[in-house]
Amino acid sequence: MTVHFVGAGPGAADLITLRAVALLGTADVVLYPGTYIDTEVLSHCRPDVLQIDTQDLDLDHIVSVITMAHNQGEEVVRLTSGDPSVYSALAEQTRRLDAAGVPWQVTPGVPAYAAAAAALGRELTVPEVAQSVVLTRAQARSTVMPAGEKLANFAATGATLVLHLAITRAREIAVELAEHYGTDCPAAVVSRVSQPSELILRGTLADIADQVEAAGLRQAALIMVGPAIEPTKVAESYLYDPARDRSLKR
């Protein structure tokens, strides 16, 4: 038996991969983050599956449940919100499983930032506006950020910033980023993207924190900042330029 870490996507039951659906359909035990995903995702499971909400469990408890189920010969799926490559605690969990001799695999999911960009109807890499996307977070009551990964450093590049796990610090973040992007820089917040309670806030660094506080957002929301969020100019991509020599292979 192999333990499967599966990206549940941003929350909607129809925004997961075919592979994820197949794995959920054969699982005996499914652990899921109830804080972040719509429980409709679990409709892909068998009726008799054991479902465990991990939002109130610590890491050791989660891994002990996975290990016990595996040792009993059960198929285990550990759902993560979005994609397992970003803020999923995959490293901590798989390190413990390796130590216990439990095999595991990873199935990617639709990242929350991609779903948020789709909800906004925006490309995050607009020619001559922004060609890089930085996925990061803010530090509050959480693990210390590496010394070089300061918001100011990222903001200085002018890239599109996507902040996870930072909604409770929206005002501090807006003030800090305004020093680099300017107060009129476009900003957006997308809460519970793709779920029935989805909420989209659009504004600038001058007013986005007011909107967040008025909406009472405290979790499950992304902050997106940069000129690509509401571009005032859109240059043409060289890739599709009619003057480009298409005889040259790239």
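Q: Which conventions apply to the numbering and the values?
A: Residues are numbered from 1 along each chain as its sequence is written, and side-chain values use heavy atoms, with hydrogens and water left out. The model is predicted, so local features need pLDDT of at least 70 and side-chain atom pairs count only at pLDDT 80 or more, while totals for chains, interfaces and linings use all residues.

Q: How many salt bridges does the rule give?
A: A salt bridge is a side-chain nitrogen of Lys or Arg within 4 Å of a carboxyl oxygen of Asp or Glu. By this rule there are eight salt bridges. One of them pairs arginine 46 with aspartate 48, with the closest N and O atoms 2.9 Å apart.

Q: Is aspartate 48 buried or exposed?
A: Buried means under 20% relative accessible area, exposed over 50%, and partly exposed in between (1.4 Å probe, protein chains only). Aspartate 48 is exposed, at 57%, whereas arginine 46 is partly exposed, at 24%.

Q: Which way do the side chains of strand E2 point?
A: In a regular strand the side chains alternate between the two faces of the sheet. In E2 (residues 29–32), Val29 and Leu31 point one way and Val30 and Tyr32 the other, and all are buried.

Q: Which residue of E3 is the bridge partner of valine 30?
A: Two strands pair if DSSP finds at least two bridges between them. E2 pairs with E3 (residues 50–53) in the parallel sense over four bridges, and valine 30 has glutamine 51 as its partner there. E2 also runs parallel to E4 (residues 76–80), joined by three bridges, with valine 30 opposite valine 77.

Q: How many residues does the largest nonpolar core have?
A: A nonpolar core is a set of buried Ala, Val, Leu, Ile, Met, Phe, Trp, Tyr and Cys residues joined through side-chain atoms within 4.5 Å. The largest has 27 residues, and Leu177 and Val189 are among those with the most contacts inside it. Helix H6 gives the most to this core, with six residues. A second, separate core of 16 residues includes Tyr32 and Leu79.

Methods
Helices (H or I, at least four residues) and strands (E, at least two) are DSSP runs, numbered from the N terminus.
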